[in-house]
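Hello,

Here is the structure I said I would pass on.

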Amino acid sequence: MGEKSKSTGIECHARADLVHRLREVIAEMGGFILLGPEHGNLCRRASSGEALEFVGCEWIIEAQGLPNLIHEVVHALFLGRLADDHGFDYGTIPLDIERRDHRQVLWEELACCGVSASVCAPLHTDPQRFVREWFAEQFEIQGVFHGLEHDHPAFCARVDAQISVPARAEELRATVERGHRQLSEAIRRAGGPPLPAADLLAMWRDYRETQLGSARLAAG
Ligand SMILES: [Fe+2]
């Protein structure tokens, strides 16, 4: 198992302890983690070779780093099982924000972004800057699911409009809380430490005030 771990980027990770706990969580669900910059960020069925190498694992979660891995694991916990692309139906694009089930897809994405940022923030010398930049990086690839990949201001305005409705903001808050709780409980069962909670609404306000996204898109 040690040799396999070295080849999957886990043993040498700076936070190998937390990665090991995450690996146990995913192993419980029948999956194996491949970690490293050469991988993607996704969940997929294991190839026949991988199924032989990682005995008992039908699924692979790939992640380029710990923050990406946490994002993927929170998706898996929301779904309650491992599945291709966490069970997302690409036929639902563009998502209809007025449909509760479609809106829940956005809330879960934002929860994955927020929990990933909050859990990894203490591992950085400038936690606030990390949260700001990592939240932005994750959020700014979400527009494609809403048919707004070429109109980022419109996507931001859509999120603003949703959050301005108290009932919708509560949906988001509750989803983020559930994501944090599910990850925390899974990590605790695997013998890991408590995890910092995510204040998604504060992250969103900070994102909109600093306009990192708009500045970067305008520059790019
Ligand atoms: Fe995601």
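**Notes on the model**

Leu-123 lies in the loop that joins α5 (100–120) to α6 (127–139). Helices (DSSP H or I, at least four residues) and strands (DSSP E, at least two) are numbered from the N terminus. This is a predicted model: local features need pLDDT of at least 70, side-chain atom pairs count only at pLDDT 80 or more, and totals for chains, interfaces and linings use all residues. Residues are numbered from 1 along each chain as its sequence is written.

Leu-123 is partly exposed because 13 other C-beta atoms lie within 10 Å. The cut-offs: buried is 20 or more other C-beta atoms within 10 Å of the residue's own, exposed is 12 or fewer, partly exposed is in between, with C-beta atoms placed from the backbone. The C-alpha atoms of Leu-123 and Arg-15 are 8.6 Å apart, although 108 residues separate the two along the chain.

**Overall**

The chain has 10 helices and 3 strands. Their order is α-α-β-β-α-β-α-α-α-α-α-α-α. Of its 220 residues, 36% count as buried. Take contacts (C-beta atoms, placed from the backbone, within 7 Å). Among those between residues at least 6 apart in sequence, 65% join residues at least 24 apart.

**α6 against α9**

α6 packs on α9 (residues 200–210) at about 90°, with the axes 10 Å apart. Axes are lines fitted to C-alpha atoms over the stretch in contact, and angles run from 0 to 180 degrees between N-to-C directions. The pair therefore counts as roughly perpendicular (65 to 115 degrees). α6 contributes Val-131, Arg-132, Phe-135, Ala-136 and Phe-139; α9 contributes Met-203, Asp-206, Tyr-207 and Thr-210.

Phe-135 also reaches other residues. Beyond its neighbours within four places in sequence, Phe-135 contacts Cys-113, Gly-114, Ala-117, Met-203 and Tyr-207.

**The core**

The largest nonpolar core has 53 residues. Such a core is a set of buried Ala, Val, Leu, Ile, Met, Phe, Trp, Tyr and Cys residues joined through C-beta atoms within 7 Å. Those with the most contacts inside it are Ile-33, Val-73, Val-74, Val-115, Ala-117 and Phe-135. Elements that each supply at least two residues include β1 (31–35), α4 (66–79) and α8 (166–189). The largest share, 11 residues, comes from α5. Domain 1 (1–87) and domain 2 (90–220) each give at least three residues to this core; the bounds come from an automatic or database domain assignment.

Best wishes

How values were computed
Two residues are in contact if their C-beta atoms, placed from the backbone, lie within 7 Å. Angles under 35 degrees count as roughly parallel, over 145 as roughly antiparallel, 65 to 115 as roughly perpendicular and the rest as oblique.
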